[in-house]
Structure formats: C-alpha cells, structure tokens
4 protein chains.
Amino acid sequence: MKVGIIGATGYGGLELIRLLHNHPEIENIDLFTSSDEGNNFSNKYTHLLNIHDEPLLKIEHAKLAHYDVIFTSTPSGISRELLPSLIGKGPKLIDLSGDFRLKDPAQYEHWYKKTPAPTQALEKSVYGLTEWNRKAIEHATIIANPGCYPTAVLLSLLPLIKENLIDATQLIIDAKSGISGAGNKPTQMTHFSETNENTAIYKLHQHQHIPEIEQAIETFTNQSTLITFTTHLVPMTRGILTTSYAHVNEGITEKHLTNALQDTYANQPFVRIIEQTDKFGTNQVYGSNFCDIHVKVDPRTNRATIVSVIDNLVKGAAGQAIQNMNVQCNLDQTTGLSLVPLFI
Amino acid sequence: MKVGIIGATGYGGLELIRLLHNHPEIENIDLFTSSDEGNNFSNKYTHLLNIHDEPLLKIEHAKLAHYDVIFTSTPSGISRELLPSLIGKGPKLIDLSGDFRLKDPAQYEHWYKKTPAPTQALEKSVYGLTEWNRKAIEHATIIANPGCYPTAVLLSLLPLIKENLIDATQLIIDAKSGISGAGNKPTQMTHFSETNENTAIYKLHQHQHIPEIEQAIETFTNQSTLITFTTHLVPMTRGILTTSYAHVNEGITEKHLTNALQDTYANQPFVRIIEQTDKFGTNQVYGSNFCDIHVKVDPRTNRATIVSVIDNLVKGAAGQAIQNMNVQCNLDQTTGLSLVPLFI
Amino acid sequence: MKVGIIGATGYGGLELIRLLHNHPEIENIDLFTSSDEGNNFSNKYTHLLNIHDEPLLKIEHAKLAHYDVIFTSTPSGISRELLPSLIGKGPKLIDLSGDFRLKDPAQYEHWYKKTPAPTQALEKSVYGLTEWNRKAIEHATIIANPGCYPTAVLLSLLPLIKENLIDATQLIIDAKSGISGAGNKPTQMTHFSETNENTAIYKLHQHQHIPEIEQAIETFTNQSTLITFTTHLVPMTRGILTTSYAHVNEGITEKHLTNALQDTYANQPFVRIIEQTDKFGTNQVYGSNFCDIHVKVDPRTNRATIVSVIDNLVKGAAGQAIQNMNVQCNLDQTTGLSLVPLFI
Amino acid sequence: MKVGIIGATGYGGLELIRLLHNHPEIENIDLFTSSDEGNNFSNKYTHLLNIHDEPLLKIEHAKLAHYDVIFTSTPSGISRELLPSLIGKGPKLIDLSGDFRLKDPAQYEHWYKKTPAPTQALEKSVYGLTEWNRKAIEHATIIANPGCYPTAVLLSLLPLIKENLIDATQLIIDAKSGISGAGNKPTQMTHFSETNENTAIYKLHQHQHIPEIEQAIETFTNQSTLITFTTHLVPMTRGILTTSYAHVNEGITEKHLTNALQDTYANQPFVRIIEQTDKFGTNQVYGSNFCDIHVKVDPRTNRATIVSVIDNLVKGAAGQAIQNMNVQCNLDQTTGLSLVPLFI
C-alpha cells in the first residue's frame with residue numbers, strides 16, 4: 001500500500017511516520033507540504049535519518065488521487081478544502097484535524113470560529129472511534145479521526161451511558177493533557193520555562209472538543225446531554241488522563257460498571273480495564289495504542305469516578321488513524337500497532 | 001523570638017527553615033530530631049551551608065518548653081504524643097501534621113488508620129485556616145495547621161457556600177498536586193522514572209483530607225455535605241491546582257461569585273481573585289504564600305468551575321504556619337512572608 | 001526461540017520485555033525472580049496487562065538450561081554466581097550487569113567493591129559492543145553486554161583513536177544521563193522532588209564504567225590510556241549524551257574525523273553520523289536502538305568536541321543485548337529492533 | 001531609591017522585579033517598554049497582581065535621567081543605543097545584556113554579529129563580577145553585568161588560575177543550563193515538547209560567552225588563554241552547572257585547590273565551597289544568589305574537576321546586578337539578597 005501524509009511536520013504527522021514505518025503492509029510513504037517542498041525531510045528532522053530521507057512533495061490534487069490512503073494531519077481549516085474533491089476518487093481519506101467531526105456546520109462555526117466543510121462532505125464522513133463505529137468505518141471513504149480528549153472520554157463513558165448505569169445529564173469531566181497536544185508551533189503557552197513546573201487550566205468551557213463529545217454520546221447512546229468539560233496542561237510531553245464524575249443510577253454498583261466495561265471491550269485489543277491499582281497514570285500506555293480504564297464508586301456519595309488514560313499522539317491521533325486504516329483496508333486492526341507501552 | 005522545629009528534615013521543616021531565616025522577628029531557630037542528633041544540619045543539607053550550621057538537638061520535653069513557638073512537621077502519629085503535655089506550658093504550638101485537625105477521634109481513626117490524639121488536646125486545638133479563623137487563632141495555644149489540599153479547596157469554596165451561591169450538596173473537587181506533597185521519603189510512588197512523564201490518580205476516594213474539608217465546610221458555613229474529592233500527582237515538584245465543580249443556585253451569576261470572593265478577601269493580603277486569564281496555573285504562586293482563585297460559570301450548563309492554586313509547601317504548609325504564628329504573636333500577618341512568586 | 005529473563009522487574013528487564021514482545025523470532029518469554037514467584041507479572045506492572053500475564057518463575061538451574069537464550073538483568077554481584085555453571089550447557093547467555101565486563105578480577109574488585117566472577121568464566125565472556133566485536137559475538141556463549149555510558153563513549157571515540165586522528169592520552173569525557181540509568185530502586189538520589197529541576201554530578205572520578213572504557217580502548221585500538229570521565233544526572237527519564245574532548249593530531253581536520261566515523265559505520269544500521277545540526281540531543285534516538293554521533297573541530301584551539309547520544313535503556317542496555325542475541329543466533333542484527341525514535 | 005527597569009517582560013527583568021520588591025532600600029520601581037506602554041503590568045503577568053500593578057512607561061531619555069539606578073535587561077543590541085548618553089547624567093547604569101562586556105569592539109562584532117557599542121562607552125564600563133572587581137564597581141557609573149555562564153565559570157576557576165595551581169592553557173569547560181537562559185521568546189529550541197526529556201548541545205564552539213570568559217581570565221589573572229567551552233540545554237527551568245577540567249600543576253594537591261578557593265572567598269557571603277558531597281547539583285542554590293563550588297583531583301590522571309552551580313537568573317543575572325547596585329550605592333552587598341535556596 002502507498003500512503004501520503006499531508007502535514008508531516010506536525011506532531012500527528014511525525015507520529016504517523018513513526019508508526020507507518022513499522023507497518024508491514026505499507027510499502028511507500030510520501031510526505032506533502034505547502035512550504036518546504038523539495039527539502040529532504042531528514043534534514044529538518046534528523047531523528048529520521050536513514051529512515052525517511054525522501055524530499056517533501058508539493059501538494060497536487062492529481063498526484064494525491066493515486067495513493068491508497070491519504071492522511072491529513074493539518075491545523076483545522078485546511079483539510080476541509082483539500083479533501084472534498086478527493087472523495088470517491090480512489091484513496092481512503094483519514095482526517096486527523098477537526099474539520100469533519102461535527103455534523104452540524106453551525107456548531108463548527110461556533111466552536112472553531114472558522115468556515116465549516118461543505119455539507120455534502122460532512123454527510124459522507126464517518127466518525128472514526130474504531131471500537132464504536134467499526135461497521136461504518138469499514139465502508140467509509142472519509143474518516144473523521146476523533147480528537148484526543150474525546151477518545152479518552154468516550155471510550156470510558158459510552159458503555160456506562162449506553163446501559164443506563166450512570167446519570168448522563170450531570171457529567172463532569174476533568175481532563176489533563178501533556179503539552180504535545182498543543183502541536184509543534186512555539187507559543188507562550190508551550191514555552192518551556194512557563195510550562196515546566198506548572199499545571200494550568202486553559203480554554204475554560206470553550207474547548208472545541210465539547211460538542212464533539214456531546215455529539216458522539218448522542219450518536220452512540222441516543223442520549224442528549226450538556227457536559228461540563230475542562231482541560232488542563234501538565235508538564236509532560238505525552239499522555240492524557242481524564243477523570244469523569246457521574247451519579248450512579250439506582251441499584252447500580254461498582255461491579256455493574258466494571259462488568260459493562262469488560263463486556264463491551266472483551267474482544268477489543270486496545271481497551272483494557274484495570275481493576276486493582278493504587279496509582280493509575282498515563283505511563284501505563286506511553287507510546288502505545290491502548291486506552292486503559294479504571295472505575296470506582298464511592299459508597300459515601302454513590303458517585304462514580306471513571307478514569308481513562310491514552311497516549312494522545314497514538315490512540316488519541318496517529319494510532320487510531322492507522323487502526324481505522326486497517327479496518328477500512330480489511331487488515332487485522334492491530335497490524336503495525338502491537339506496541340508495548342514504554343512505562344519508563 | 002526563639003522557635004523550635006521538630007521534623008526539620010521533612011519538606012515542611014525545610015520550608016519552615018527557608019522562610020523563618022528571613023523572618024525579622026526570629027532570632028533563633030533550633031532543630032530537633034529523633035535520630036541524627038549532634039550532626040550539623042548543613043552537612044546533610046549542603047544548601048544550608050553558612051545559613052544553618054548548628055547541630056540537630058535531641059527532643060527533650062523540658063527544653064521544648066522554653067521556646068516561644070514550637071512547630072511540629074512530622075508524619076502523622078507523632079505530634080499527638082509530643083504536644084499534649086506542652087499545651088499551656090509556654091510555647092505556642094503549631095502542628096503541620098494531621099494529628100489535631102479532625103475533631104472527631106473516630107474520623108481520625110477511620111481515615112488515618114492510627115490512634116487519635118487525646119480528646120482534651122483535640123478540643124483545645126484551633127484549625128489554622130488563617131483567613132477564616134483569625135479570632136480563634138489569636139488566642140490559641142495549639143494550632144492544627146490545615147492540609148495542603150484543604151487550604152486550596154476551602155479558600156476558594158467557603159465564600160460561595162457561605163453565601164448560598166452554589167449547591168454545596170453536589171461538590172466535585174478534582175485536585176492536582178506536585179510530588180513534594182508526598183514528602184521526602186523515597187518510595188516507588190515518588191521514584192523519578194515512574195513519576196516523570198506521568199499524570200496519575202492515587203488514593204481514589206480514600207484521601208484523609210476528605211473529612212478535613214467536610215468538617216471545615218460545616219464549621220465555617222454550617223452546611224453539612226459529603227464531597228467527591230480526588231487527588232492526582234503531576235510531574236512537578238511544587239504546586240496544587242484544584243478544580244471544583246458546583247451547580248450555581250437560582251438567580252446567581254458569575255458576577256455574584258466573583259464579587260463574593262472579592263468581598264471576602266478584600267483585606268486579605270494572601271488571597272487574590274484573578275478575573276481575566278487565558279491560562280491559569282500553579283506558577284502564579286510558586287514559592288509564595290498566595291492562594292489565587294479564578295471562577296467561571298458555563299452558561300450552557302449553569303455550573304461553575306472554581307479554580308484555586310497554591311504552593312503546597314508555602315500556603316499549603318510552612319507559609320500558612322508562619323502566618324498563624326504571626327497572628328498568634330500579634331505581628332502583621334505578612335511578616336516574613338512578602339515573597340514574590342517565582343513564575344519562572 | 002524461547003528466552004528467559006532473570007531480573008525482569010528492573011528497568012533493563014522491563015525494556016527487554018518491551019522489545020522482545022515484538023521480536024518475530026521469539027515465541028516464548030519466561031520471567032524469573034528470586035522473590036515474587038508465582039505472582040502474575042501484570043498484577044505488578046499493569047502496563048503489561050494482556051501482554052505478559054504469566055506468573056513469575058522461581059530460578060532453578062535445571063530449568064534455565066532449556067532456554068535458547070538467557071538474559072540476566074540483575075544488580076552486579078548476582079549473575080557471576082548464576083551464569084558460570086550454565087556456560088556450555090545450551091543457552092546463549094547475555095549478561096546486562098557489569099559482572100563479566102572487566103577481564104581483570106582485581107579491577108572489578110577495586111571499582112565494584114565486590115567479589116569478581118570466576119576467572120574461567122571471565123576468560124570465556126565476550127564484550128558485546130556489537131559494531132566492534134561482531135566476529136567474537138557470533139561464536140560466544142556468554143556475552144558481557146556493555147554499560148550504557150561506555151556504549152555511547154566507545155562508539156563515538158573508537159574510530160578516531162584507532163586511526164590516530166586524536167590524542168588518546170588526554171581524553172576528557174563529560175557524560176549526562178537520564179535517571180532511569182539508576183534503576184528501579186527508590187533512593188534519595190532518584191527521589192522526584194530532589195531530582196527534578198536539578199542537574200547534578202555524582203560518583204566523581206569513581207564510576208565503575210571508567211575501567212570498562214579504558215579496557216575497551218585498549219582491546220579495540222591497542223592504545224593504553226587513563227581517561228577523565230564524569231557522570232551527571234539530568235532531570236529526564238531516558239537518554240545519555242556524552243561530550244568528549246580531544247586534541248586533534250597534526251594535519252588532521254574535521255573532515256578526517258567525520259570521514260572516519262562515516263567509513264567505520266557505513267554498513268552499520270544503528271550508528272548514524274549527523275553532520276549539520278544547530279541543536280543535537282537525546283530525543284534524536286528516544287526509544288530506539290540508534291547511536292547518533294556529531295563531531296566538530298574548533299579551529300581556535302584545534303580541539304575536537306565529539307558528541308554521542310543513545311537511549312540508555314535500548315542501545316545502552318536491552319536493545320544492544322537483543323542485537324547481540326541476533327548476531328549469536330544468525331539473525332539479521334536489526335530483527336525486532338527497527339524502532340523509529342519517538343523524538344516527541 | 002528609585003529604580004527603572006528597561007526590558008521588564010524578559011526573564012532578567014521579571015527576576016529584578018521579584019528581588020527588588022523585597023529590597024529594603026528601594027521605594028519605587030518603574031518599568032519601561034518599547035511596545036506595551038500604558039498597560040498595567042499585572043494584567044500581562046498576573047502573578048504580580050497586588051505587587052506591581054502600575055502601567056508600563058514609555059522609554060524617554062529625559063525621564064530616565066531622574067532615577068537612582070537604571071537596569072537594562074534587553075536583548076543584545078539595544079542598551080548600546082540607550083545607555084551611552086546617560087553616562088554621567090545621574091543614574092547608576094547596570095546593563096544585563098552583553099553590550100558592554102567585551103572591551104574589543106571587533107570581538108563583539110565577531111561573536112554577536114552586531115554593531116558594537118561606542119568605544120568611549122566601552123572604556124567606561126566596568127565588568128560586574130562583584131567578588132573580583134569590587135573596587136572598580138564602587139566608582140562605576142556603568143556596569144557590564146556578567147553573563148550567566150561566565151559567572152559560574154570564572155568564580156570557580158579564577159582563584160586556581162591566579163595562584164598558578166592549574167594549567168590555564170588547556171581548559172575544557174562543559175556547561176549545562178536550564179532553559180530560562182534562552183529567554184522568554186518562544187522558539188523551536190525552547191518549545192516544551194522538543195525540550196522536555198531531551199539533553200542537547202547547542203551553539204557548539206560559537207557561544208558569545210567564550211570571549212567574555214577569556215577576557216576576564218586575562219583581566220584578573222594576567223594569563224592569556226583559548227578555552228574549549230560548550231553549552232548544553234537540560235530540561236529544567238533554572239540553574240547552571242559547569243564542569244571544568246584542568247591539569248594540576250606540579251606539586252599541587254586537591255588540598256591546595258580547596259584552600260585557594262576557601263581563602264579567596266573567606267569573606268564573600270555568596271560563594272560557598274562544598275567539600276564533601278556525593279551528589280552536587282543546581283538545587284543547592286535554586287532561587288538564591290549563591291555560587292557553590294566543589295573541586296576534586298583525580299589521583300589517576302592528576303587532573304582536577306571543578307564544579308560550580310548557580311541560579312542563572314539570580315547570581316547569573318538579576319541577583320548579581322542588585323549585588324552590584326548595592327556596592328555602587330554603598331549598601332551592604334547582601335541587602336535584599338539573603339535568600340535561602342529552595343532546594344525542593
């Protein structure tokens with residue numbers, strides 16, 4: 001298979017390169033750029049010397065149609081212009097930006113403050129939460145790969161909401177992320193000296209992943225809800241931990257919650273339920289495509305705390321994108337993704 | 001004034017030394033130990049060379065009575081044996097461990113899994129949340145200095161609960177702490193390679209600061225509540241950020257909340273209300289005695305998010321202890337504590 | 001192939017597990033322990049759930065003989081007792097501790113302050129610096145896998161010394177390491193709060209890797225030298241950067257040095273020479289088996305600065321051990337090791 | 001005393017504000033800017049709320065002349081235009097940029113790639129290495145405050161060179177710095193995700209502090225030398241550790257070196273000689289104005305390793321600037337600078 005990556009210098013793009021170079025079905029990876037064309041990629045990113053020394057290619061529509069798969073790992077607002085005309089032209093399209101996630105253009109406009117993708121393209125796009133949308137993904141030509149936060153949140157909450165074990169109308173979700181989620185562009189917010197030794201809340205009540213989570217809850221459980229969702233930056237590079245709080249419905253115990261999670265993911269290789277643990281953190285899954293989930297009910301309050309960890313660049317971006325490609329291309333979904341977490 | 005510190009090698013003790021050495025009213029600081037007696041303290045902690053070169057002293061009851069102030073910064077279970085017999089013998093007593101915080105011995109036993117302090121001593125102890133208990137502190141001989149998490153939580157929530165602006169029966173509090181809160185004893189949980197690049201939840205629903213927060217809410221607002229409170233470790237040394245979630249009562253707006261905070265702390269030098277901010281984090285207060293608070297109401301859900309940051313070793317431990325000493329000793333409460341945050 | 005790992009809970013052991021689980025020729029990995037026998041490994045290390053759930057096995061001599069390869073990743077002083085009687089009994093033996101590296105027992109005793117391995121076993125052991133000792137490794141039954149620091153130092157200096165391009169009698173080597181090199185045992189030296197935001201020098205002039213480097217220089221270049229070698233801990237988990245300083249011999253230019261490195265490693269997949277770079281660091285090789293080298297001659301002083309980076313747990317330990325196993329077992333040396341660096 | 005700070009938003013400027021706000025002789029601090037004039041400083045830097053709420057002032061020559069002291073903490077190339085016309089007009093001038101350090105304009109041009117300051121101004125400037133140039137500083141109107149690296153290097157090496165204990169012609173100096181030394185401007189080099197978990201060498205053989213160190217060695221010891229000096233970035237915010245290597249002259253022992261350091265700094269409150277230590281690092285001096293020095297001779301090679309640590313923003317910038325101000329203004333040099341290191 002031949003794949004093209006648009007936006008290779010972003011962190012999603014670099015992670016796609018890392019993973020695809022060990023994917024046994026990929027014979028060719030080409031990188032496309034709007035600026036640095038002709039330059040050898042390993043001149044800029046010397047860690048790829050001897051791995052990816054080919055020059056960056058200019059983005060040309062005609063050329064793109066000849067790939068088996070095109071990944072777009074670009075800032076929002078770009079793939080909505082590039083991809084619509086490629087739909088149905090041959091390549092599977094997998095978009096890691098947010099452009100094709102929100103079905104309602106008005107929502108996109110409201111939360112992203114940008115012009116939405118054409119409605120026709122939005123209608124054809126399939127939300128790529130692999131464990132929950134596999135059938136649709138198999139037949140999709142354009143995949144809206146989920147955001148990093150929504151992946152961690154949805155995988156841990158959907159089974160509990162779907163089976164009416166928790167009260168979905170009062171969800172509080174507190175998310176913590178490493179800094180790589182903010183991308184490769186240097187800003188004051190990602191400047192080492194102001195980020196190190198600092199835990200901070202940002203975009204309070206305004207994160208564009210809020211409508212994405214609400215839409216997916218509605219899609220997969222038929223429950224409409226408004227969530228409270230906050231995002232924090234912690235001084236590490238990779239990893240997301242989400243702590244979600246919910247009232248447990250009457251008669252429901254911790255065991256019901258754990259069972260629902262275990263049953264839902266019994267045959268899912270990338271979701272693991274961790275039952276006993278003193279300390280549960282993001283290093284559980286570092287560098288891997290796992291989403292690990294831990295749940296506990298506080299008998300004092302009858303509220304559940306549901307904790308979920310992913311590597312934001314793998315299961316939260318490039319890994320899930322490749323998992324979707326595997327599904328679309330009829331490969332085992334773990335192909336190229338059997339990575340063991342680094343832990344240390 | 002002459003002060004004695006018991007437990008000087010712990011991080012609370014080291015921070016007391018750092019701050020008291022620049023306190024203009026302190027002429028003498030003696031350090032007491034149960035193990036290293038006779039050793040020069042700056043042999044062990046070379047950063048104190050030329051600052052505190054005196055030998056560690058043996059803990060002897062008779063000697064302790066001659067100090068103006070005794071600080072105990074020990075693991076829980078020690079000061080409850082040391083301090084009761086010193087009550088009323090002369091020195092002001094300020095305990096940084098949890099031994100004198102919970103008025104109900106059964107609660108202490110339940111949450112700390114240890115024998116509680118004698119009831120008589122518990123009855124005399126005064127909870128040292130300076131901004132909320134000043135009058136009692138002025139006349140106290142034994143102060144139970146608040147825990148780090150409760151300090152951040154209570155300062156940000158008490159004004160809102162007291163004035164009935166938020167629903168105190170449904171509080172969700174998500175706390176994030178730097179690793180120094182775990183003390184100076186090496187454990188797997190504080191081992192660099194398993195702590196760095198890792199955000200983790202620990203002691204889920206079982207942290208001993210839960211009853212302390214609930215007791216203080218009841219004491220200062222007359223409202224009884226069971227909270228959901230979780231604690232996370234983030235890879236930094238100092239700092240606590242707490243994110244609290246509450247329903248806003250009918251007719252109440254963000255402005256009411258902000259005003260209540262500003263009015264409560266109008267004359268309090270160490271509590272600052274931050275109104276506008278894109279990113280609000282622990283480096284705001286690094287190394288200083290400030291508690292900074294930011295509040296926002298989400299109009300979609302009518303829930304408030306209340307964020308609070310402190311330096312866990314200063315306002316969360318040694319700084320507040322000295323603030324209490326200042327109040328007890330009739331000094332301006334800022335004496336020796338006018339530290340500007342490091343920020344970077 | 002069936003492999004056994006003794007010392008699986010150490011960081012070298014965990015990294016062997018990470019890499020061997022994706023090695024296509026390994027069908028079985030068994031873990032041996034002296035303490036936790038019978039426990040499921042993934043109970044202790046939950047990041048290995050569904051990957052390595054088998055119980056830890058008791059170390060029994062008879063059983064060990066049935067493996068194709070035995071790795072010992074133990075503190076020094078243990079494998080010297082375990083391995084000698086297994087030599088020639090079947091399994092290839094690869095020791096990641098320092099017990100079989102120093103040929104002179106007196107040197108071991110002096111630097112390790114422990115009893116050396118039996119002389120006969122020492123004589124049979126082969127130093128596993130793969131790129132420099134391949135022929136001997138192919139026929140070895142016991143491999144002394146190199147130390148992390150020596151790997152980075154030797155790969156960068158040996159070509160220059162061997163071809164007489166630099167003055168080997170005046171070598172100054174300044175090494176910086178992440179904390180994982182200190183292993184998994186919690187100590188004050190690896191306690192997060194005293195390690196974070198701290199760069200420190202340790203074991204000044206006394207590191208046991210000094211005689212290992214000197215011995216290898218003599219072995220591979222026939223030059224006897226006493227080096228100055230210092231080691232520093234920097235607040236990160238993985239990575240070693242060594243900065244070496246040497247006088248350039250008369251008539252020798254930077255180009256000669258670069259050429260010598262490039263020629264030596266022209267056919268070596270894991271050693272890369274980086275020619276142009278503004279900033280050259282350990283993230284170049286994070287999580288991979290690469291050793292990257294950069295050299296520059298200062299025309300003002302005619303001294304060369306030679307910089308080398310590795311991941312201490314991969315090329316500096318488990319990765320090189322597997323590379324040696326591949327060579328011993330007649331596999332392509334990159335089998336299971338084609339890892340792309342994480343970079344971010 | 002009234003002081004003005006030009007370049008307040010840089011990290012040198014922020015640190016001046018932190019320290020001067022607790023300086024007992026300063027009654028007024030004004031901040032000057034070329035861009036944000038009129039804005040309240042604590043709007044931008046909320047950690048200064050209630051501490052420094054005054055608006056930023058426009059840089060006007062006439063106004064500047066009325067201050068007792070002007071600090072310039074600007075990028076290189078700015079103070080050389082601002083300060084010359086203020087010389088002799090009233091205020092003491094203390095420049096934290098490199099513009100007035102190199103006496104030879106050609107050297108400045110070569111290393112800084114910029115137009116040098118006017119020769120007359122250069123001639124009047126006094127190098128502000130307080131412990132070595134006190135007499136000149138007392139009478140100076142313009143101080144060239146030393147660079148961060150030179151401060152750590154010179155304080156540790158000058159006594160040994162001056163007394164001919166080490167061979168100054170073969171100095172190798174390996175320096176490691178936290179990221180705050182790179183200033184507050186976001187760049188790829190200071191971007192968290194590429195800086196965290198990374199130790200890197202940069203500006204190899206080209207750092208502008210090289211000629212500054214060489215010039216100071218010549219000034220204070222009359223020895224002319226060309227040094228090898230390299231700089232590394234380590235993933236922490238504050239702190240510099242320099243490891244210097246030198247041959248010990250004949251007949252000289254470790255004791256001679258230690259004595260020379262102790263004698264030189266016997267009456268210097270900010271330089272401490274640490275004799276015994278297992279691990280010697282930058283947290284020794286965090287947040288304080290100390291420079292701590294440790295020296296050891298390796299009997300195998302007769303080479304000395306000289307290690308020096310400072311907080312780059314304090315003794316390496318703002319702290320030393322205030323120390324110089326104290327000397328110029330006839331105050332005790334420790335006024336406002338008796339900070340105890342944070343250590344944790």
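In chain C, strand β13 (residues 279-281) runs antiparallel to strand β9 (residues 200-202) of chain D, and three bridges join them. Strands here are DSSP runs of E, at least two residues long, numbered from the N terminus, and two of them pair if DSSP finds at least two bridges between them. Within this pairing, Phe280(C) sits opposite Ile201(D).

Some conventions. This is a predicted model, where local features need pLDDT of at least 70 and side-chain atom pairs count only at pLDDT 80 or more, while totals for chains, interfaces and linings use all residues. Residues are numbered from 1 along each chain as its sequence is written, chains are lettered from A and ligands numbered from 1 in the order written, and side-chain values use heavy atoms, leaving out hydrogens and water.

Back to chains D and C. Four salt bridges cross their interface, a salt bridge being a side-chain nitrogen of Lys or Arg within 4 Å of a carboxyl oxygen of Asp or Glu. Glu214(D) and Arg300(C) make a salt bridge at 2.4 Å, N to O.

How much area do chain D and chain C bury between them? About 4,600 Å², with 54% of it on carbon and sulfur atoms; that is accessible area (1.4 Å probe) lost on being put together, summed over both parts. On the chain D side, Glu197(D), Lys279(D) and Arg300(D) lose the most, together 17% of what that side buries.

Now chains A and B. Strand β9 of chain A pairs antiparallel with strand β13 of chain B over three bridges, and Tyr202(A) has Lys279(B) as its bridge partner.

Methods
Buried area = accessible area lost by both parts, 1.4 Å probe. Helix = DSSP H or I, 4+ residues; strand = E, 2+ residues; numbered from the N terminus.
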